[in-house]
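Here are my notes on this one, as numbered points. Have the model open while you read, and start with the ground rules.

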Amino acid sequence: MFWLIFILLLFSACNAIRITKIQNIIIVGNIYNTLLNVTEDQCICEMIKVNDAICALNYFSTNQTCQLYRSNSSTIFVEFHLNSTIIFLYQSSILILDIQEYQPITSSSTPTAILLSSPSSASPSASPSAISSSSSTTTSSSTSTSTTTSTTSKTTSTTTACNFFLNQTTYSVGLQPMSVAVADVNSDNKPDIVVANQGSNTVSVLLNAGSGTFNAATNYTVGGNPFSVAVVDVNSDNKPDIVVANFFGGTIGVLLNAGIGTFNAQTTYAVGTYPYSVAVVDVNSDNKPDIVVANYGSNNVGVLLNTGNGTFNNQTTYPVGSSPYSVAIVDVNSDNEPDIVVVNYDPPYTVSVLLHC
């Protein structure tokens, strides 16, 4: 209690408050964030992503709570004890550097000041005391922090490689989903998911419910075995539409956006045999997106020019290699004109580049 009162008085002028005291650890600073239901690895990942804004963290394995702290001065006071909750100080690459003036805490001593600096400002001539943490790995459910002193060495504490993604959340769609596109289809500034389901001849639209979760899929019927999907505003109404390549149907399906994330029935356009991949880009500089499709069974690509109201002319075909499988549209020769790049699946295994003329 003496240390707690002393530290609170010492930092009151700086508007600092005692955030927590867990297992004999005292941290003085401002709380940055509290994360619930996370693993120890995820807690450390969050610390890394925030970069130098965070000075310390506390992880509670019993309730999977992660607390991140921001110090409001260059000095953070920490009282170390054995069997304490994991703490990292100054987490750039999760290193403890330039620890100065450390002394073991006794019942009569004042709180120990641990001066922090970033790795880039570390002084090679300093001879700091060493503090080593037993948290060099982050796979256990609880971690102990221990302290030692030395007058001649500097010790760093590191973690294992960090996974920046949480475990997957799955959402049901149609049978044998083949292709996915992500775009805001209902104008709420949240990206939604559109999936081509070749096994059920549908496209699924999953509207974003916020915070990275999605509503149940709404399914729209398209042609036979949709293999590829793109989401682009093709009729200039500022609402993204769906374009899908129907592999066994030999067609391109266009589903115009009816508003609030719903879509009209598809309009189909005949293309080559087994259209496998589709891209939607303005290829003739009229500010209207056109359709380019790789026709796997015809060994060509088809270009369908936009007529201006979301409808398309018949395809013009260009021969490519054997079994074109995927198509991309980009200006590869810096002439401000989009070119076609297509990968050919069967021997002799080539990539075709069709320059815009």
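1. Two strands count as paired if DSSP finds at least two bridges between them. Strands themselves are DSSP runs of E, at least two residues long, and helices are runs of H or I of at least four residues, both numbered from the N terminus. With that in hand, strand 14 and strand 15 are antiparallel partners joined by five bridges.

2. Some housekeeping. This is a predicted model, so local features need pLDDT of at least 70 and side-chain atom pairs count only at pLDDT 80 or more, while totals for chains, interfaces and linings use all residues. Residues are numbered from 1 along each chain as its sequence is written, and side-chain values use heavy atoms, with hydrogens and water left out.

3. The overall tally: two helices and 25 strands. Of the 357 residues, 45% are buried (under 20% relative accessible area; exposed is over 50%, partly exposed in between, with a 1.4 Å probe and protein chains only). The accessible surface is about 17300 Å², and carbon and sulfur atoms own 51% of that (Shrake-Rupley method, 1.4 Å probe; for residues, only the protein chains shown count as cover). Take the contacts (heavy atoms within 4.5 Å) between residues at least 6 apart in sequence: 45% of them join residues at least 24 apart.

4. Now the packing. A nonpolar core here is a set of buried Ala, Val, Leu, Ile, Met, Phe, Trp, Tyr and Cys residues joined through side-chain atoms within 4.5 Å. The largest has 15 residues, and those touching the most other members are Val194, Val203, Val205, Ile242, Leu255 and Phe263. Strand 7 (177-183), strand 8 (192-197), strand 9 (202-206), strand 13 (226-232) and strand 14 (241-246) each put in at least two residues. Apart from this core lies another, of 14 residues, including Val234, Tyr269, Val278 and Phe312.

5. Click on Phe263 and look around. Beyond its neighbours within four places in sequence, its contacts include Val185, Val205, Tyr220, Pro240, Ile242 and Leu255.

6. Which strands stand at the edges of the open sheet? The sheet has four strands in the order 7-8-9-12, with antiparallel pairing. Strand 7 and strand 12 (218-221) are at the edges with a single partner strand each, so one side of each has no neighbour in the sheet. Strand-to-strand twist averages 20 degrees (axes are lines fitted to C-alpha atoms, for helices over the stretch in contact; angles run from 0 to 180 degrees between N-to-C directions). Strand 9 and strand 12 run antiparallel and share four bridges, with Ser204 opposite Asn219.

7. Val244 sits opposite Gly253, and the strand 14 and strand 15 hairpin has four residues between the strands, with Gly250 at a positive phi near 65 degrees. Strand 15 also pairs antiparallel with strand 18 (residues 267-270) over four bridges, where Thr251 has Ala270 as its bridge partner.
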